[in-house]
Each structure stands twice: as structure tokens, then as C-alpha cells.
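Thank you all for coming; I would like to walk you through one model this morning. Please have a look at it first, and then we will take its parts in turn.

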Amino acid sequence: MTAQLNPRGDVAVLVPAAGAGVRLGPGAPKALRLLAGEPLLVHAVRRIAAAPSVHTVVVAAPAADVESVRAMLAPVATVTVVPGGAERQASVAAALAAVPAGPEIVLVHDAARALTPPELVESVAAAVRAGHDAVIPVLPVVDTVKEVDAGERVLGTVDRAALRAVQTPQGFRRSVLTAAHEAAGDPLTDDAGLVEKLGVPVDCVPGSELALKITRPFDLALAEHLLATGA
Ligand SMILES: Nc1ccn([C@@H]2O[C@H](COP(=O)(O)OP(=O)(O)OP(=O)(O)O)[C@@H](O)[C@H]2O)c(=O)n1
Ligand SMILES: C[C@](O)(CO)[C@H](O)COP(=O)(O)O
């Protein structure tokens with residue numbers, strides 16, 4: 001059944017889904033690869049659409065797959081699909097340009113984080129609604145971290161107490177994300193990085209283990225296991 005988005009919601013979610021998935025190995029674009037029989041993108045959009053604040057979803061799909069992605073997502077939720085770009089940043093910019101007037105909170109969420117629970121979408125949106133201009137979900141770094149040189153010789157041990165592993169959805173006041181993309185130079189790996197360059201504070205909320213990014217084959221196997229055990 002097609003999920004109904006909230007016409008009174010205040011949140012637009014941009015879903016960059018145009019990446020190749022090189023680190024996952026040969027195959028279809030990553031967002032279209034199957035997890036428990038369904039594309040990663042379907043899992044991701046289903047969970048986004050289940051978040052009560054969500055008014056609009058815009059997916060940036062691989063340019064060659066825009067029509068098939070539209071057809072694939074039609075039974076899942078009412079979404080807008082646009083062609084993505086060569087870099088994640090360009091895909092996000094293309095999706096941002098397609099957000100209609102209305103939502104003043106914009107979240108950017110990787111299709112590759114396919115098992116992200118709706119509760120995390122809501123908690124990031126709530127933090128923006130509460131007054132933060134930019135909000136990212138984070139987890140503590142659990143391993144000891146070393147800095148090394150080009151020859152893999154250890155230069156030192158980094159104080160991990162001050163480090164965080166960053167996830168999506170990342171949430172922004174719409175005007176802030178728009179200004180960050182207008183000012184963007186060389187591509188960065190996340191949108192909060194663009195906002196940092198504007199000098200706007202970025203705040204953290206607790207992330208979720210379920211929001212892992214499916215990057216390598218091990219991650220896909222882990223996601224299969226998590227789904228099989230109830231995620
Ligand atoms: N040109 C791009 C590159 C990435 N993405 C999206 O950005 C998210 C995070 O990127 P990542 O997981 O690094 O995906 P890929 O770029 O596909 O991975 P790889 O570097 O292994 O090719 C993914 O949902 C991916 O589809 C995108 O929309 N457009
Ligand atoms: C946005 C992101 O998911 C935050 O962890 C990440 O930066 C995406 O891209 P990456 O190329 O895998 O770092």
C-alpha cells in the first residue's frame with residue numbers, strides 16, 4: 001500500500017541515491033541492489049515515509065534509472081524523482097532544487113542507510129524544529145584511532161573522546177542548506193561540512209546502529225541479518 005505523507009508536515013527529505021556503489025562490488029547502482037528481495041532505496045523510502053513529520057520526499061536517482069525508480073517507488077510512497085549528479089553533493093543539490101514551497105526543515109538522507117528507523121528521522125527533525133540550524137546524528141568512535149604516515153608508520157594516537165562517527169539523516173533549516181549549497185566549492189562528503197564552511201553551528205543528536213551505511217559486502221550481509229532478526 002502506498003504510504004500517505006503528512007500534508008501538514010514541515011519536513012522535506014532529500015534522498016541521494018545516484019551512487020554507483022563501487023565499494024560494494026560490481027553490479028547495479030547501489031540503491032537498486034537487493035536487500036531481502038527489495039532494493040535498498042525501497043527500504044529507505046518506506047522508513048522515511050513512516051515518519052509522521054514528513055511532507056515531501058525527493059529522490060536523486062541514477063540518471064539512466066529515473067523512470068524505473070519512479071515506477072519502483074510508486075507503490076511505496078508519493079515521491080519526486082530527479083536525476084542525480086556525478087558527486088553526492090550534486091545529487092543533493094538537484095533534489096533540493098525540486099523541493100516545493102512549504103517545508104522549512106530539510107533532511108538529507110543516504111539511500112545507503114536503508115534500515116534507518118523513522119524515529120531517527122523524527123529526532124533530527126525535532127532538533128531543527130527546536131531551534132538548531134543544522135543537526136547530525138552521531139555515534140561514539142569505539143576503536144582506538146591512530147594517525148599514520150604514507151608508509152603506514154604510526155604518528156600518534158588520536159583522542160577518540162572528541163571524535164564522532166557521522167550518519168544521516170542530517171537536518172537543516174531550509175534557508176541554511178540552500179545557502180550552503182549555493183556557496184559550495186569542491187565536493188564534500190556530507191552536507192553538514194558545507195554548513196560548517198558557512199560558519200553556522202552544527203549540533204549532534206544520538207545516532208542509531210540501524211542507520212549503518214551499506215558500503216561494503218559485509219555491511220549488506222549485516223543488514224540482511226538485522227532484517228531477519230526484526231529490524
Ligand atoms: N553521485 C552520487 C554519489 C553518491 N550518492 C548517494 O550518496 C549516498 C552515500 O554515498 P555512498 O554510500 O558513499 O555511495 P556510493 O557513492 O554509491 O559508494 P561508492 O563510493 O562505494 O561508489 C548513497 O545513497 C549514494 O547513492 C548520490 O546520490 N550521487
Ligand atoms: C553523508 C555520510 O553518510 C556521512 O557519514 C557520508 O559522508 C557519505 O559518503 P562517504 O563517501 O561514504 O563518506
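Which residues are around ligand 2? They are Arg88, Asp110, Val166, Gln167, Thr168, Thr189, Asp190 and Lys213, where a residue counts as near a molecule if its C-beta atom, placed from the backbone, lies within 6 Å of it. Before I go on, please keep in mind that this is a predicted model, in which local features need pLDDT of at least 70 and side-chain atom pairs count only at pLDDT 80 or more, while totals for chains, interfaces and linings use all residues. Residues are numbered from 1 along each chain as its sequence is written, and chains are lettered from A and ligands numbered from 1 in the order in which they are written.

Around ligand 1 there are 22 residues, and the closest are Pro16, Gly19, Val22, Arg23 and Ser91.

Let me turn to helix 5, residues 174–182, helices being DSSP runs of H or I with at least four residues and strands runs of E with at least two, numbered from the N terminus. Its buried residues are Val176, Leu177 and Ala180, and because they cover an arc of only 95° around the axis, they lie on the same side of helix 5; the arc is that of the directions from the helix axis to the C-beta atoms. Buried means 20 or more other C-beta atoms within 10 Å of a residue's own, exposed means 12 or fewer, and partly exposed lies in between, with C-beta atoms placed from the backbone. On the face turned away from the buried side, helix 5 carries the exposed residues Ser175 and Glu182.

For the protein as a whole, 42% of the 231 residues count as buried, and the secondary structure comes to seven helices and twelve strands.
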